[in-house]
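Please look over the sequence and the model before reading on.

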Amino acid sequence: MNRSEVEREVVAVLRQSSLRGSERQIGLDDALGGQGLGLDSLGLVEFVTALENRFQIELPDDLWTEREKLSIRHCAELIAKSGVTMSLVAQAYEPIPNQRSTIGLSWSEKATSSIRELGIVRGIAWMVGRVGLHIADWFYLRQKNYILTADLTRQSVPRQTSSIDLILREVSADDGRAFGEFCSSVVYRTIANRRMSMELFRKRLSAGYVCLGAWHDDILVGVSWLSDEGYKCAVTGLQLYWPNESCYAMELFEHPEHVSKGVGLALLGYSLAVAKERGYRKQVTMVLSRNVRMLSAAVQLFGFVKVGEINTTRILFKPFSRWNIAGKSGWGGSAMLSS
């Protein structure tokens, strides 16, 4: 199968998966997100999943981080390199009947979806397996986090809209009641791997942390934080810090009743705007490698670039980490998250 045939098939998959049959013009080098075709993070993930189903391949995890702008040509290059044959693409792409994404759903919602689509016996088996894996993770876990940075000195900061009306503003100590109600609605664990409390909320504000909120009908439906102070990361076991004139974006949570409505995207764009207004030159963040929606949003929509990664093995609750960031590497200790 030659390159042009692969490119045409990739375009067909894009039209039927994320563009819902649209006949709009698509350039081979047009960015799929942002100012290109305008796919959001869910649309990007749906498209890549459809490609994997269509060509019966598994695209590399670093698809989201190695290139700033994902395009049709880039996807076709990866597929061609996989050695896919004509027999695998003899039939035109058709969406899988009743295929439903579970990205962004709570565990209970995923369980309900599994039972509905797999049947009671297989659905329960799926739930038991998931619980077993979750328990095993407490004793032995391997995971990778990508370190991403955004340049705030560029002319404009990308913004993303939500499907619901939002007011984006900083959360102050006077908003304590609304913040407490938000925390009671989500499983809010901090970077220190502890439950968020009102005491910690006030302590952070007093220390100069910036709490950013998304409000809908006077209800706090999304929260994120900015900090310019290093911290001891309980997940990696590392002391993390970053250069002067940089800030760290952390703990982006959405209200469970407003997941997949663009709240997180709106908050991410708002955090970049606030950081720039406060005079920071870079914004740094750390994203779990399997959190493909956040990776696709950060890189494809907001222009973050990967500068490193942290590989962590946790044995009996104790983390051991190997890091490679901005050309430097090491085991444990302290790590600078940007150059």
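Which residues have the most contacts inside the largest nonpolar core? They are Val 10, Leu 14, Leu 32, Phe 47 and Leu 51, in a core of 56 residues. The model is predicted, so local features need pLDDT of at least 70 and side-chain atom pairs count only at pLDDT 80 or more, while totals for chains, interfaces and linings use all residues. Residues are numbered from 1 along each chain as its sequence is written, and side-chain values use heavy atoms, with hydrogens and water left out.

**Nonpolar cores**

A nonpolar core is a set of buried Ala, Val, Leu, Ile, Met, Phe, Trp, Tyr and Cys residues joined through side-chain atoms within 4.5 Å. Buried means under 20% relative accessible area, exposed over 50%, and partly exposed in between, with a 1.4 Å probe and protein chains only. To the core of 56 residues, helix H8 (residues 263-277) gives the most, with eight residues. Helices (H or I, at least four residues) and strands (E, at least two) are DSSP runs, numbered from the N terminus. Leaving aside neighbours within four places in sequence, Phe 47 has contacts (heavy atoms within 4.5 Å) with Val 10, Val 13, Leu 14, Ser 17, Ser 18, Leu 32, Ile 72 and Cys 75. Another core, of 33 residues, lies apart from the largest one and includes Ile 191, Val 223, Trp 225 and Leu 240.

**Helix H7**

In H7 (residues 198-207), the buried residues are Leu 200, Phe 201 and Arg 204. Seen down the helix axis, they fall within an arc of 105°, so they line one face of H7; the arc is that of the directions from the axis to the C-beta atoms. These buried residues pack against helix H6 (176-185) and strands S3 (210-216), S4 (219-227) and S7 (246-254). On the other side of H7, Glu 199, Lys 203 and Ser 206 are exposed. Gly 208 follows the helix, and its phi is positive, near 105°.

**Strand pairing**

Two strands pair if DSSP finds at least two bridges between them. Strand S1 (residues 140-151) takes part in two antiparallel pairings, listed below.

| Partner of S1 | Bridges | Example of bridge partners |
|---|---|---|
| S9 (residues 305-315) | ten bridges | Tyr 140 and Ile 315 |
| S8 (residues 282-288) | seven bridges | Tyr 146 and Val 287 |

**Cysteines**

Cys 233 counts as buried because its relative accessibility is 3%, and Cys 247 is buried at 0%. With a disulfide taken as a pair of cysteine sulfur atoms within 2.5 Å, the count comes to zero disulfides.
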